Amino acid sequence: MSSFLQKIVDPKKNPLAKMHMKAVSTRLRRYGLRYDDLYDPYYDLDIKEALNRLPREIVDARHQRLKRAIDLSMKHQYLAEDLQAKQTPFRSYLQDMLALVKSERAEREALGALPLYQRTLP
């Protein structure tokens with residue numbers, strides 16, 4: 001990424017990016033979600049593979065957070081204030097594994113090997 005784009009999206013250097021990050025953080029805290037919970041495994045197969053490689057406890061915790069958020073949304077409620085204060089919306093659990101999966105896929109493509117997974121239509 002160019003230095004110009006880094007300045008635009010870096011919350012430490014751009015006050016608008018900082019305001020956006022605070023707004024996203026507030027919305028995620030209301031439902032008890034983390035930013036990595038928003039990634040859809042059906043949209044990107046790399047995300048699906050990264051989720052498959054994570055420990056079962058982390059994936060189960062992700063599913064519980066998503067179920068709780070859906071339940072709260074359907075009831076038109078938010079998480080209790082004391083629980084909102086404990087949430088860590090930008091604590092990542094998926095990014096390291098996702099970077100590993102993407103680098104493995106890029107390495108396989110560079111070597112001319114067949115991909116590990118392909119999207120198929122039913």
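The largest nonpolar core of this predicted model has nine residues: I47, A50, L51, L54, V59, Y93, L94, L98 and V101. A nonpolar core is here a set of buried Ala, Val, Leu, Ile, Met, Phe, Trp, Tyr and Cys residues joined through side-chain atoms within 4.5 Å. Because the model is predicted, local features need pLDDT of at least 70 and side-chain atom pairs count only at pLDDT 80 or more, while totals for chains, interfaces and linings use all residues. Residues are numbered from 1 along each chain as its sequence is written, and side-chain values use heavy atoms, with hydrogens and water left out.

**Nonpolar cores**

- Helices α3 and α6 each supply at least two residues of the core of nine; helices (H or I, at least four residues) are DSSP runs numbered from the N terminus.
- The greatest contribution to this core, three residues, comes from α3.
- I47, one of the core residues, touches Y39, D40, P41, L94 and L98, not counting residues up to four places away in sequence; contact means heavy atoms within 4.5 Å.

**Helix α6**

- Helix α6 has 17 residues and reaches 24 Å from its first C-alpha to its last.
- That reach is close to the 24 Å expected at 1.5 Å a residue, where the expected span is 1.5 Å times one less than the number of residues.
- G112 follows α6 and has a positive phi, near 80 degrees.

**Salt bridges**

- The structure holds nine salt bridges, each defined as a side-chain nitrogen of Lys or Arg within 4 Å of a carboxyl oxygen of Asp or Glu.
- One of them joins the side chains of K102 and D44, at 3.6 Å from N to O.
- This pair links distant parts of the chain, 58 residues apart: K102 is in helix α6, and D44 is in the loop between α2 (15–31) and α3 (45–53).
- K102 counts as partly exposed at 34% relative accessibility, as does D44 at 21%; buried means under 20% relative accessible area, exposed over 50%, and partly exposed in between (1.4 Å probe, protein chains only).
- The side chains of D46 and R105 also meet in a salt bridge, at 2.8 Å from N to O.
- D46 in helix α3 and R105 in helix α6 are 59 residues apart, and the pair links distant parts of the chain.
- D46 is buried, with a relative accessible area of 2%, whereas R105 counts as partly exposed at 32%.
- A network of salt bridges links D44, D46, K102, R105 and E109.
- K75 and D71 form a further salt bridge through their side chains, at 3.2 Å from N to O.
- K75 is partly exposed, with a relative accessible area of 46%, and D71 is partly exposed at 37%.

**Aromatic rings**

- The model contains three aromatic pairs; rings of Phe, Tyr and Trp (its six-membered ring) pair if their centres lie within 6.5 Å, and planes under 30 degrees apart count as stacked, over 60 as edge-to-face and the rest as tilted.
- The rings of Y31 and Y78 have centres 5.5 Å apart and planes at 75 degrees, so this pair is edge-to-face.
- Y31 in helix α2 and Y78 in the loop between α4 (56–74) and α5 are 47 residues apart, and their pair links distant parts of the chain.
- Y78 counts as partly exposed at 46% relative accessibility.
- The pair of Y35 and Y39 is edge-to-face, with 6.2 Å from centre to centre and 85 degrees between the planes.
- Y35 counts as partly exposed at 39% relative accessibility, and Y39 counts as partly exposed at 26%.
- Y35, Y39 and F90 are linked into a cluster by ring pairs.
- The charged end of R30 sits over the ring of Y78, 4.9 Å from its centre; this requires NZ of Lys or CZ of Arg within 6 Å of the ring centre and within 35 degrees of the ring normal.

- P89 is placed in the loop between α5 (81–86) and α6 (95–111).
- P89 is buried, with a relative accessible area of 3%.
- Its contacts are S25, L28, R29, L33, R34 and Y35, not counting residues up to four places away in sequence.
- P89 and Y35 are 54 residues apart along the chain, and their C-alpha atoms are separated by 5.7 Å.
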